[in-house]
Amino acid sequence: MPTDSGVVNLPLSAQLIHLAAAVLLLLSFAMLSQRRLLSLVNLFAGQGAALVGSTVVVAYSTGQHHLYYSAALTLVLKMLVLPYVLHRLIRRLNLQSDTETLVNIPTTMLIGLVVVIFAFGLAQPLSELSSTVTRSTLGIAIAVVMLSFLMMITRHKAISQVIGFLAMENGLFFAATSATYGMPMVVELGIALDVLVGVFIFGIFFFHIRDQFESLDLHLMESLKEE
Amino acid sequence: MSLTGILTQLLGVAVAVVLAPLFLGWVNQCRAWLSNRSAPPLTQPYRLIRKLLHKDAVIADSASPLFRVVPYILFGAMVTAAAIIPSLGTNLPFAVAADAIALVGLFATARVFISLAAMDIGTAFGSMGARREMMVGFLAEPALLMVVFTASLICGSTALPTIADTLAGRSLAIYPSLAFAGVAFLMVLLAENARIPIDNPSTHLELTMIHEAMVLEYSARHLALIEWTSALKLFNYVCIGFALFLPWGLARGEENPLALLWALPLLVLKLLLAGAGLALIETVSAKLRIFRAPEFLAMAFMLAVLGLLVRLLLGS
Amino acid sequence: MELLILLGLPLFGAALMALVGERRWAPEVNVLVSLATFVAGCALTARVIADGPMLVWNEQFFVDPFNVFLVALTAFISLTTSLFSRTYMRIEEHHGKLSQRRLRLYHSMFQLFMFTMLLALLTNNMGILWVAMEAATLSTVLLVSLYRTKASLEAAWKYFILCGVGIAQALFGTILLYFAAEKVLGGDGMSALLWTHLNAVKGQLEVSVLSISFVFLLVGYGTKVGLAPLHNWLPDAHAEGPTPVSAVLSGLLLNVALYAVIRCKILVEGSIRSKLPGHMLMAFGLTSVVVAAFLLWRQKDVKRLFAYSSIEHMGIITFAFGMGGPVANFAALLHMTVHSLTKSAIFFAVGHASQKTGTQLIERIRGLLVLSPTVGWGLMLGALAILGMPPFGVFASEFLILTTAMRDHPWATPVLLLALGVAFGAIFSRVQPMVFGEPSGQPLPHSPSLVPVFAHLALVLMLGLWIPPFLAQWYRLAAALIG
Amino acid sequence: MFESVNLLTGALAVAHGWIAVGVFGLLRPNSVRFVGRFLFPLGALGGIVLAVIALLAIQGPIESVVLPLGLPDLPLHARLDPLSAFFLFLLGSASAGISIFGAGYFREGEGTAPGLLCLQFHVFLGSMALVLMADDAYGFMVSWETMALSSYFLVTTQHRIPEIRRAGFLYLLLAHLGAISILLCFGVLQGGSWQFTFDAMRQAQLSPAWASVAFGLAVVGFGAKAGLVPLHVWLPEAHPAAPSPVSALMSGVMLKTAIYGVLRVSLDLLHQPLWWWGAAVLALGLFTALYGVVFAAVQTDMKRLLAYSSIENIGIIFAGIGLTLLFHAFDMQALAGLSLAATLYHCLNHAFFKSLLFLATGSVLHATHERSLGKLGGLMHRMPWVAWLALIGTLAIAGLPPLNGFVSEWLLLQSFLFTPEIPQPFANMLVPLGAAALALTAALAAYVMVKFYGVIFLGRMREPQLAQAQDCGWLERLGLLWLAAGCIVLGLVPSFVLRQLGHVDAFLLGAAGEAHADGIWLLAPISSHRASYVPIVFLLGASVVVTLSVWITKGIYHGHIRRSAAWDCGYPLQTPRMQDTAEGFGYPVRHIFEPFFRMQRKLPSPFDTAPRYRVIVEDWTWFGLYLPVARTVLKTANLIGRLQQGRISVYLLYSFLTLVTLLVIVL
């Protein structure tokens with residue numbers, strides 16, 4: 001992490017935020033390597049928790065009140081609703097594990113590592129500019145976004161792709177809070193709404209796809225192509 | 001245009017029309033002698049024409065009006081050609097109307113019409129003859145044009161009388177380009193007038209003939225005109241040769257009519273020599289297969305172009 | 001006021017349709033709503049012509065020359081599309097491809113889509129812009145998968161995932177933008193996301209942040225524009241959705257996405273004072289043109305064919321915007337207009353054609369001219385227009401673009417021309433046998449509605465020969481704005 | 001001044017009037033009577049009016065107007081100068097005959113509805129007129145492509161026939177590629193001014209290199225329309241496909257608009273040509289001419305034959321242009337003027353006799369429904385009008401005096417003949433070969449035309465059903481008569497025509513370049529001493545001799561005629577099948593020019609029970625040029641197609657990589 005040098009003389013809040021950030025990164029790595037769908041969902045919920053934590057800390061330490069709302073929003077949406085929905089879906093569609101990843105796990109890990117380094121390098125100049133206590137976590141936010149991107153690329157099952165997508169949203173949200181003390185409320189609401197609707201549409205989709213393809217395996221969805 | 005001019009003009013045409021069959025007869029006589037045959041009388045062509053004129057014309061059922069018009073057109077074309085060519089004198093008022101290129105065009109017209117007439121009946125031989133005639137034509141015509149060009153480059157004019165006039169005026173000089181052109185012209189002459197080695201004027205062996213195949217269906221006065229025309233054509237060609245290569249002795253410019261009296265015997269002399277030479281060539285050479293003909297003519301064409309190039313390179 | 005109506009109507013329409021969308025008279029209502037929207041759009045346009053650009057509702061919404069003509073265009077095409085879909089959907093229903101419930105879904109989503117388009121165009125807030133784009137994706141996803149066939153589901157899924165991911169990048173870009181802006185404008189309240197404010201202070205924005213954020217925005221919205229190599233969702237979605245949807249996707253969505261990209265480009269270019277964003281756009285544009293032009297040769301499905309042609313034309317427009325300068329921007333805007341009109345017209349014709357022949361496979365569609373002269377001529381003329389044949393307007397814009405390219409980037413001209421030639425061969429060699437030759441197909445239960453087709457083509461023809469002064473004036477102003 | 005403004009507006013009025021006439025056709029799209037008896041004659045009238053206007057304008061001063069149309073920054077400019085006036089005259093006079101013929105020709109139930117056909121036909125005419133009057137790149141391109149488009153629809157009138165569709169596609173594709181090249185040419189021509197009016201291009205100063213580029217692009221672009229080898233492949237496909245009046249219009253007039261374009265660019269917009277342009281165009285033109293005529297000789301479809309002969313004539317015209325440029329580059333304006341006059345003259349002649357012949361084939365087609373030469377013959381007995389009028393066209397195109405074809409060839413040969421004054425030795429050497437090639441072409445043209453006419457109209461009917469053939473109607477006769485009369489008049493009064501062409505020379509080459517006729521009847525461009533030609537006197541002389549000979553022979557003996565079976569060396573049975581077929585007639589050429597062709601021969605063996613002889617003659621350019629290009633395109637397409645295999649993860653990877661790449665770039 002870019003700010004190891006000054007860890008000692010950082011205020012508690014900042015340390016907490018760093019902690020949350022580290023947890024977030026750790027969780028996304030875990031998701032990258034996780035095969036079982038249910039635990040994937042749990043990890044996602046964990047991400048949500050970390051997110052809420054960091055947001056609250058930021059809100060408290062900076063007195064940005066609207067952040068409390070967004071924290072609440074996150075709590076409801078990402079810790080409760082979405083995991084619940086996903087659990088329901090997985091049960092209803094009785095999906096077990098995402099059998100095979102396209103690239104085997106260790107390789108994915110290595111690539112993930114490279115991606116993280118790249119993200120940090122990318123964030124370096126930006127966090128120099130940031131005035132927030134949380135600036136140094138911007139790199140982590142980017143890393144999370146890219147890791148979930150990687151996860152979407154490597155997964156077979158529709159549902160794990162969706163989870164990757166949501167994880168990406170988490171990364172973005174984290175970036176929003178860390179780089180700037182959160183986006184304006186309207187925007188936040190809009191984003192939240194979109195995510196919610198999106199997930200429901202995903203849900204609808206799973207059933208249609210299941211009806212049509214008898215499975216959520218994306219292998220079956222490669223008929224439209226140029227060859 | 002002066003009185004002398006008109007006189008030269010009319011005399012030239014008259015001489016051509018009258019002497020042409022005689023010249024043909026002379027050539028045939030020479031050929032007979034050279035091949036140890038007893039020669040037909042000199043006036044044989046006239047007799048033939050006269051006989052044909054008295055006959056009753058028989059025409060195929062499938063003949064169209066075109067078929068009947070063509071002989072007159074041919075005759076007209078050849079006579080007009082004779083009016084352009086300086087056979088006796090270079091002071092030809094009519095020659096203003098058409099230069100050497102037009103002359104070549106005139107020959108082409110004649111060829112096209114006779115070929116059309118040949119196709120008109122719709123017999124196998126007719127169309128075959130037309131095809132071969134046109135084949136010979138499209139190789140011989142450009143060669144002739146090139147020959148004329150060589151001369152006109154030397155003289156800076158395409159009007160035959162002017163060319164002849166200029167050439168005759170010069171002191172005797174060697175023109176290598178003209179030498180090339182001369183050979184080419186000779187070959188064209190043989191080909192165009194259905195002589196050996198391209199065609200045999202006296203053959204009726206169907207598969208070898210060209211000119212005869214085209215006129216198979218003609219009879220009586222039509223045939224007479226055609227025979228006359230071909231005699232006239234030969235005469236014209238020979239006169240072109242004279243005008244280009246040995247123009248001496250022509251009545252030049254605005255000279256007095258007496259010069260014509262001097263020019264006429266000279267012309268006859270040239271004709272005698274030319275006829276003999278022609279007969280000699282025909283006797284010593286054998287007829288080519290029809291598809292050797294293109295090579296022969298292509299050679300002529302090449303020679304003519306070479307003449308032109310030489311003219312440009314050496315300026316002589 | 002017009003603005004409120006303009007935005008309110010489609011929203012209301014969506015709600016209404018959600019309730020009564022399956023009724024017999026629903027299509028007519030749909031048409032009426034669109035008509036009203038169009039009228040409101042015209043009123044707004046007139047207002048803007050009268051008294052210039054405007055900012056309303058504490059600057060949350062604004063209208064300037066750049067978006068006003070896009071608004072008018074959007075409203076117009078939504079009107080014609082609703083007219084077209086009226087008969088088209090009836091026939092689909094008659095063929096038993098759609099149930100009542102689906103029709104309801106279709107109608108309400110259609111109106112919702114229109115709302116999101118207009119919102120995206122009119123909002124002054126980059127955040128709202130993002131929200132609207134995302135909403136547009138969501139509403140169209142359901143439209144694409146309307147038939148619930150395997151192919152349509154697959155297409156919708158790819159569309160959803162790819163555009164979702166893309167749009168996420170765009171969000172990140174927006175965040176970075178905000179991050180840079182709040183230093184200058186202060187984080188409190190909205191102002192740091194308002195385009196007008198950003199534009200005012202773009203000179204002071206942080207360069208490194210903006211360049212990075214532009215990359216994210218470009219990749220994000222570029223995915224929706226369908227720039228190669230981010231285009232892969234586009235042909236599938238166009239080919240598998242119902243034809244009216246393909247028409248609005250090609251005719252509107254791509255434009256609006258490009259509009260978003262250009263808005264960002266204006267800010268970024270103003271800030272980092274280098275040609276880099278322009279060059280990125282040009283690179284994307286050229287790649288798209290070339291890739292699409294060659295892929296056209298592999299198409300067997302007619303709607304897919306024209307989807308690729310959309311990619312090609314978006315590439316041309318992007319390239320033109322990338323070059324920048326008054327002429328190129330003018331040409332790009334003109335090309336946006338004529339492309340939307342022509343392409344939607346083509347999709348209308350294609351829709352009826354494939355209904356008549358009962359297939360979208362090119363080699364099975366034959367002899368339209370005999371089958372139904374209007375459809376045949378519509379398709380033929382539309383194809384020729386989109387191929388840049390004078391006297392249609394597409395040629396006018398391509399002429400300007402090419403000549404500008406010759407001046408500013410001579411190296412690019414041969415590439416463009418080659419691609420245009422290849423595309424011509426590809427499309428025309430497929431359209432001609434469809435239109436000409438021996439017919440194959442059956443009569444339709446409802447007579448096709450081709451008024452929209454010829455209305456569009458007439459407009460395009462007019463733009464090729466004469467551009468109304470006020471329109472030219474807009475284009476000029478907008479071009480100046482884009483810089 | 002004032003009146004010539006009127007002239008320009010008049011010309012524009014005619015052009016738009018044509019389009020209006022076309023639109024009227026949509027009023028009653030299916031009424032042959034309305035369209036044929038009313039609209040087409042109206043179009044013909046327009047043609048005559050246009051010709052008259054052009055004739056007045058050809059010596060008049062240059063006039064131009066700006067129309068309130070076009071792009072905001074580039075309104076349409078129109079201009080009427082001697083060059084455009086000449087080509088407008090060509091368009092008007094030729095199209096008048098064709099329209100009248102078309103009035104009688106188009107019938108019910110042949111592909112497109114008459115009304116629509118009328119629209120396309122007159123839009124075609126109008127756009128050609130606008131091409132000739134356009135004075136800015138945009139207007140030119142628009143009318144140019146409109147012309148291509150309308151003619152394309154005319155070609156594909158009977159689109160149910162696959163070959164016709166193929167032909168149409170090929171035609172439009174090549175036309176479009178040509179247009180692209182022309183567009184590029186204009187882009188170069190404006191030379192940094194970024195004004196796309198022709199005036200700006202005249203002002204522009206180009207370096208020799210750029211000028212050469214522009215010239216090359218122009219030759220390619222317009223050559224594609226004119227049918228310059230190897231861009232000619234569409235021509236023999238499209239002409240047989242189109243209805244005959246359309247083929248006539250395309251071959252007779254449309255090809256000339258391409259010539260107009262080349263002249264406009266090379267002599268008007270570009271100032272000082274380089275000598276090697278002339279040499280190159282000369283060589284290209286002569287090759288095209290030879291190529292065209294040789295292929296024409298072996299065709300078995302009468303309209304294909306005419307199409308190839310159009311290629312030949314275009315070659316001759318291009319040779320003339322090349323010669324003009326050569327002289328112009330060496331500043332020998334008088335000779336340049338002569339060869340330019342010859343070129344233009346040939347354009348005019350070709351417009352007349354080629355249209356005449358195409359229309360004649362149209363009548364034959366209507367009468368017999370047969371296009372293959374192998375099944376025609378003997379039509380002179382059934383269709384005397386068409387036959388005799390076609391004979392005039394045949395003699396004219398074969399370049400025989402005293403018809404018009406000969407005059408232009410005569411002029412061209414004259415200008416060839418006086419080339420050796422060129423200071424450039426290489427060009428000097430080129431010329432005699434050029435002259436030879438031209439002579440050879442002319443002679444071969446005669447061969448081709450004898451084949452054409454003889455096989456169609458002469459001989460005996462090769463198929464029994466030909467006996468039912470009917471001669472054409474009066475409107476068609478009128479059209480044919482108009483064109484035939486044109487051939488004769490143009491042949492007989494060359495000095496008058498040349499005097500008109502002198503104005504064009506003077507406009508393009510300066511006063512020094514004006515071609516003189518020297519005298520009212522006498523045609524002696526350089527001096528009567530050098531060369532002279534008086535067709536009238538010539539014709540008089542010949543006809544006097546002919547009449548005399550007729551009179552005398554008849555006088556000597558009454559002209560009794562007996563009819564009987566053909567003699568044919570006494571062969572007993574002769575069927576019409578024994579006549580030379582088209583293949584047979586073409587055999588010598590096929591034999592002599594073998595390397596030109598790509599032939600597939602199937603010779604019968606002595607053991608065949610049913611011996612068959614088959615020969616297919618194909619065009620090398622197809623296999624050498626076009627198919628390879630097509631293959632490359634498809635290969636590339638497949639290669640790119642590989643990138644898109646339908647796997648969503650891969651697509652995500654693409655966007656991921658794009659993102660990363662761009663980020664790396666900006667960092």
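Two residues are in contact here if their C-beta atoms, placed from the backbone, lie within 7 Å. This is a predicted model, in which local features need pLDDT of at least 70 and side-chain atom pairs count only at pLDDT 80 or more, while totals for chains, interfaces and linings use all residues. Residues are numbered from 1 along each chain as its sequence is written, and chains are lettered from A and ligands numbered from 1 in the order in which they are written.

**Confidence**
- The model as a whole scores ipTM 0.89 and pTM 0.91.
- Chain D has a mean pLDDT of 87, with 98% of its residues at 70 or more, where pLDDT is the predictor's confidence in each residue, from 0 to 100.

**Chains**
- Among the 4 pairs of chains in contact, the most contacts are shared by chains B and D.
- Chain B does not touch chain C, and the nearest C-alpha atoms of these two chains are 41 Å apart.
- Chain A and chain B are likewise joined by no contact, their closest C-alpha atoms lying 57 Å apart.

**Domains of chain D**
- Chain D is divided into domain 1 (275-514) and domain 2 (593-643), with bounds that come from an automatic or database domain assignment.
- The C-alpha centres of domain 1 of chain D and domain 2 of chain D are 30 Å apart.

**Surroundings of Asn349(D)**
- Asn349(D) counts as buried because 27 other C-beta atoms lie within 10 Å, the cut-offs being 20 or more for buried, 12 or fewer for exposed, and partly exposed in between, with C-beta atoms placed from the backbone.
- Leaving aside residues up to four places away in sequence, Asn349(D) touches Ala396(D), Asn404(D), Gly405(D), Ser408(D) and Leu490(D).
- Although 142 residues separate Asn349(D) from Gly491(D) in sequence, the two are 8.7 Å apart in space, C-alpha to C-alpha.
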